[in-house]
Amino acid sequence: SVTSLASSDGFVRCLLQKIPGELVLTPSSSSFADVLVSSIRNPMFFNNATARPLCIVTPVDASHVQAAVLCGRAEGVRLRARSGGHDYEGLSYRSARRGEVFAVVDLGARLRAVSVSGGGEATAWVESGASLGELYYTVAKSNPGLAFPAGVCPTIGVGGHLSGGGISMMSRKYGLAADNILDAKLVNANGELVDRAAMGEDLFWAIRGGGGESFGIVVSWKVRLVQVPTTVTVFVVGRNVDQGAADVVARWQDVAPSLPPELTIRVIVRGQRATFQSLYLGSCADLVPTMSSMFPELGMTSADCREMSWLQSAALIQFWNPSTPVEALLNRRTSLSTFTKAKSDYVRRAIPSDVWKNILPWFTMNGSGQMLLEPMGGFVGGVPAAATPYPHRSGVLYNIQYIAYWSGDGTAANRWISGLYAFMEPYVSSDPREAYVNFRDLDIGENAVAPNDVSTFESGKVWGEKYFAGNFERLAAVKAAMDPTDYFRNEQSIPPFVGPK
Ligand code: FDA
């Protein structure tokens, strides 16, 4: 097996023949620990029990990624690709499998260029290690009328985010981040660098939402940039439980997925309060009449409006401090103070207001965290379910993310999130109970590896159909064609489908 043949000395020696020594960090390198921790988001996976990589490769260009794959295959060492390190289960820099020998290819260290080209359709090539904040900043500085529809947190890496979809405050207008990928350069399991034309449409389909790690290492992406007006409007309106929060959230479920696509209102439930956060791609004067006619229950008025540029809105929605400069979007530093556990659901039938009255008390319990509701519909809901691997399209009202956090003992927080997830089962999608691959959750299943050292299709199906529904089998068929020996893998990578066609 790859593991038993692994030769760590051989791997490093092989690398040093192909790439500059300063790009290969072994545990004895002075910067090893700094680079390893640099993008770890969840301190749960930064303790003495966490298996360390045998080295970290910090590529400057695609040839260094190719060298890592060729040496890894020759010497029996697996690779974990890391872009922004935000994987909820830490799978980009740790292995949950005892004894697995692996190296980290850390794209976030040095592979972060963003180059924007105007002309007819505005596009950009972005390297996988760039953060979303770096992408937003570079695009908007080159032309304030342009943006990219991807996640809210600016330290997320482009590589992992685009691989799994990418839900944003503009998904209802422009789709997922992955719906806006035009081309990509990937190092495949043979160590070849291939673009869209060379990889073929099946693989190009799979890497736009099929989750990171399974098909190779994406070095860079060509994305379609989207138009935003000079002025956008942000508002935040909150309702406490004793101010009828349950009824307003219940009403939101019907309204938010069918609002004009320029208007996104998401909800954060925490403590005694539901907070409605909104981005409108237009002016306050246009927004207020829409809100009064379509969602009067929220009681939003022009006094709630804050008008600004799209780039400023990206900073405000993250930092909630109007005096924080947009340059804060470039800060890649993450804090290691908060431990987190997240889970996800999709809702296709509105949950009755009476049930919301029973859900909200969960947020005052010992160990309680928060729930984030992101409305779908609009463009994101209109894409056919098989057009990309992300299947949660037509008929989905909204996505739920449950987040537990703690610093110190996590027993109550973990008990809380699994209790709430169990409580929600009757009210969310079923057969399968859908989940979002970018909110990675190992509780829903992990691959088993067969004696031939290949992850089994049957074990993958358990979690895979939750993330990918009817697209899972096609992903597994692409995997079988591109990486039949399962070189690129982790605990939730797509297994090769070897059954009858
Ligand atoms: P990371 O580097 O950890 O990689 C994630 C996975 O992709 C790993 O399996 C990794 O091996 C693989 N991978 C990474 N780079 C690769 C590459 N170049 N080629 C192939 N595989 C690669 N999501 C969302 O849709 N909308 C949101 O608003 C948010 N908000 C959010 C906030 C916070 C605080 C967190 C921690 C997470 C989110 N997310 C999110 C989830 C986020 O989209 C998800 O964790 C992404 O996978 C993170 O991508 P990174 O590159 O940062 O992760």
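Cys305 is buried, at a relative accessible area of 16%; buried denotes under 20% relative accessible area, with a 1.4 Å probe and protein chains only. The model is a predicted one, in which local features need pLDDT of at least 70, side-chain atom pairs count only at pLDDT 80 or more, and totals for chains, interfaces and linings use all residues. Residues are numbered from 1 along each chain as its sequence is written, and side-chain values use heavy atoms, with hydrogens and water left out.

Cys305 forms a disulfide with Cys284, the sulfur atoms being 2.2 Å apart; a disulfide here is a pair of cysteine sulfur atoms within 2.5 Å. Cys284 belongs to helix α12 and Cys305 to the loop between α12 and β15, so the bond ties together parts 21 residues apart in sequence. Helices (H or I, at least four residues) and strands (E, at least two) are DSSP runs, numbered from the N terminus. Cys284 is likewise buried, at 10%.

A disulfide also links Cys14 to Cys71, with an S to S distance of 2.1 Å. Cys14 lies in helix α2 and Cys71 in helix α4, so parts 57 residues apart in sequence are tied together. What of Cys55, and how far is its sulfur from the closest cysteine sulfur? The distance is 9.5 Å, to Cys71, too far for a bond.

Now the sheet. Five strands form an open antiparallel sheet, ordered β5-β6-β10-β8-β9; two strands pair if DSSP finds at least two bridges between them.

Definitions and conventions. Buried means under 20% relative accessible area, exposed over 50%, partly exposed in between (1.4 Å probe, protein chains only).
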